[in-house]
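Here are some notes to read beside the structure, written as numbered points. Please keep the sequence at hand and look up each part as you come to it.

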Amino acid sequence: MIRVEKISKSFYGQKIVSNLTLSIKKGEVFGFLGPNGAGKTTTIKMLVGLNLPDSGSILVDDNSPTQKNTRSKIGFMPENPYFYDHLTGIELLKFCNDLSVGKHKTDLKFLESTLKQVGLENAGRKMIREYSKGMKQRLGLAQAIIHDPDYIFLDEPLDGLDPIGRLEIKEIVKVLKGRGKTVFFNSHILSDVEEICDEIGIINNGRLMYMGEVDKFRGNKTLEEAFVEAIRKGEK
Amino acid sequence: MRNIAIIAKNTLKEVIRDKILYSILGFALLFILSTLFLGSISLGEDLKVIRDLGLAGIYIFSLIIAIFMGTSLIYKEIDKRTLFITLSKPVSRSEFIIGKFFGLFVGLIITVLLMSIIYFLIVAFKGGVFDWRGLISISLSLIEIAIFISLSILFSTFSKPLASTIYSVLILYIGHSLNMVMSHFEKSGGISLYAVKFVYYIFPNLEKFNLRNLVIYDAAISGVEITLSVLYGVIYCIVLLLLAIWSLRKQEL
């Protein structure tokens with residue numbers, strides 16, 4: 001379970017996240033939505049232990065994400081992921097898996113099967129600097145799930161992908177859910193969120209506006225219509 | 001320890017796959033080879049000239065590589081956000097900094113080794129013996145290189161590579177001038193002596209790692225002094241790396 005209790009975060013005197021409380025059940029796919037600059041990326045960075053909240057608390061599986069033990073249960077794919085250009089795809093996955101607790105043996109077959117899972121089976125020996133944006137997104141997902149974490153945090157995972165790529169990533173998220181993994185992801189692409197999320201959270205100007213089931217939020221509208229309406233109402 | 005080794009290995013890959021390293025190394029090897037010619041036009045002092053320029057060449061080129069690569073080592077990770085990938089794994093910031101340090105240091109040891117092989121072959125060819133004293137001098141200059149790697153890593157946690165390079169070169173200049181400045185102010189005394197003493201104890205005294213003149217003029221080398229210099233260098237590196245870890249911990253990513 002992920003429990004976020006009244007966290008706040010400011011940068012240079014400007015409040016980015018304010019008094020945010022979230023509760024995400026184990027095995028759930030949670031979509032975190034909000035307009036640009038709403039505080040989604042800042043929140044996800046705090047959830048994976050990269051940054052600390054100024055106040056409030058975060059517990060992932062009853063432990064702080066700043067603890068190394070907790071982070072071995074976490075997989076994180078940053079927004080527009082950047083990688084070490086001097087490595088090949090296989091080398092990066094090996095590096096990431098080696099750094100994690102190492103539940104798995106890092107043999108070549110295991111690395112290749114993970115690459116295959118994200119549709120990069122023919123690019124493993126290519127240098128990452130030669131990857132396209134879509135390939136980097138896929139590699140970002142591969143490094144986040146390589147160590148079979150229980151909690152997977154994805155920041156805009158569908159950004160820059162073509163329709164086939166998006167479909168494949170959504171399929172992977174569904175498979176992860178089927179295996180009991182908890183997936184937390186930020187996204188702008190609301191039709192995809194609608195399709196794969198159990199629950200959503202909507203944040204605007206650092207404040208949580210809604211948290212709950214997708215259907216309850218949208219009523220008889222599409223998620224996009226309900227989202228735009230909620231944001232506009234909140235800004236008035 | 002395991003995480004430090006994994007990060008060091010990755011950093012070493014980054015260093016040895018960098019094309020700029022080979023440009024600098026190629027230039028360094030050419031310079032060391034050129035000492036053969038420079039020695040031959042020096043009217044009977046050829047071995048002295050070869051040792052003088054050879055050891056200086058190894059020192060200067062390894063320092064250039066250390067500063068050049070060290071100053072962008074952490075900055076690049078923050079700027080390109082590659083450290084999100086590493087630090088979201090069960091890795092502490094101290095393991096990250098120490099791994100980066102050892103990766104670059106091992107890379108530097110390999111490059112110094114390559115330059116030294118050419119140097120020792122030339123000296124053996126001209127003098128007929130292995131230059132043991134040269135080996136001690138090169139080994140001690142590696143401690144100075146380690147200090148510069150630590151210093152560059154510290155600077156690269158909060159400043160851009162160009163600014164970090166300028167700071168590092170300034171410290172290089174100050175570090176090699178400390179003894180001279182101190183002896184001057186000791187003679188004149190006064191209140192400024194305290195200010196100079198403050199600078200003397202804060203900045204690294206890099207002359208402690210310079211045995212090149214003693215080697216060239218075949219003067220005595222004290223084992224005790226070398227041991228103390230190594231200890232001084234190691235402690236200085238540890239302090240700089242602790243500051244780098246503290247600085248990275250303070251960073252909002």
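1. Chain A holds 9 helices and 9 strands. The model is a predicted one, and every value in these notes should be read with that in mind.

2. The overall dimensions of chain A can be taken next. Its C-alpha atoms fill a box of roughly 55 × 35 × 35 Å along the principal axes. A compact globule of 236 residues would have a radius of gyration near 18 Å, and because chain A has 18 Å, its value agrees with that expectation.

3. How much of chain A is buried? Of its 236 residues, 44% count as buried. As for how the chain meets itself, if one takes the contacts in chain A between residues at least 6 apart in sequence, 66% of them join residues at least 24 apart.

4. Chain B is built from 10 helices and has 0 strands, so that reading along its sequence gives the pattern α-α-α-α-α-α-α-α-α-α. Its C-alpha trace spans about 60 × 50 × 30 Å along the principal axes. For 253 residues a compact globule would have a radius of gyration near 18 Å, and the 20 Å of chain B agrees with this.

5. In chain B, 44% of the 253 residues count as buried. Among the contacts in chain B with a separation of 6 or more, 82% are accounted for by residues 24 or more positions apart.

6. Where do the two chains meet? On one side there are 20 residues of chain B, which are in contact with 24 residues of chain A. Helix H1 (2–16) and helix H4 (83–87) of chain B each supply at least two residues of the side of chain B that touches chain A, and H1(B) gives the most to that side, with 5 residues. Sorted by class, the side of chain B that touches chain A has 7 nonpolar, 6 polar and 7 charged residues.

7. Within chain B, helix H6 (residues 132–156) packs with helix H10 (residues 223–250) at an angle of about 15 degrees, and their axes are 8 Å apart. An angle under 35 degrees counts as roughly parallel, and H6(B) and H10(B) are therefore roughly parallel to each other. Their crossing is left-handed. Residues of H6(B) that make the contact include B:Ile136, B:Leu140, B:Ile143 and B:Glu144, while those of H10(B) include B:Ile226, B:Ser229, B:Val230 and B:Gly233. By class, the contact of H6(B) with H10(B) has 16 nonpolar, 4 polar and 1 charged residues.

8. Helix H10 of chain B also packs with helix H5 (residues 93–127) of chain B, at an angle of about 130 degrees and with the axes 9 Å apart. That angle makes H5(B) oblique to H10(B), and the crossing of these two helices is right-handed. The contact is made by B:Arg93, B:Ser94, B:Ile97, B:Ile98 and B:Phe101 of H5(B), together with B:Leu241, B:Ala244, B:Ile245, B:Leu248 and B:Arg249 of H10(B). The residues of this contact divide into 7 nonpolar, 1 polar and 2 charged.

Methods
Residues are numbered from 1 along each chain as its sequence is written. Chains are lettered from A and ligands numbered from 1 in the order in which they are written. This is a predicted model: local features need pLDDT of at least 70, side-chain atom pairs count only at pLDDT 80 or more; totals for chains, interfaces and linings use all residues. Helices (H or I, at least four residues) and strands (E, at least two) are DSSP runs, numbered from the N terminus. The radius of gyration is taken over C-alpha atoms; the globule rule is 2.2 Å times the number of residues to the power 0.38. A residue is buried if 20 or more other C-beta atoms lie within 10 Å of its own, exposed if 12 or fewer, and partly exposed in between; C-beta atoms are placed from the backbone. Two residues are in contact if their C-beta atoms, placed from the backbone, lie within 7 Å. Ala, Val, Leu, Ile, Met, Phe, Trp, Tyr, Cys and Pro count as nonpolar, Asp, Glu, Lys and Arg as charged, and the others, Gly among them, as polar. Axes are lines fitted to C-alpha atoms, for helices over the stretch in contact, and angles run from 0 to 180 degrees between N-to-C directions. Angles under 35 degrees count as roughly parallel, over 145 as roughly antiparallel, 65 to 115 as roughly perpendicular and the rest as oblique. A crossing is left-handed if the near helix is turned anticlockwise from the far one by less than a right angle, and right-handed if clockwise.
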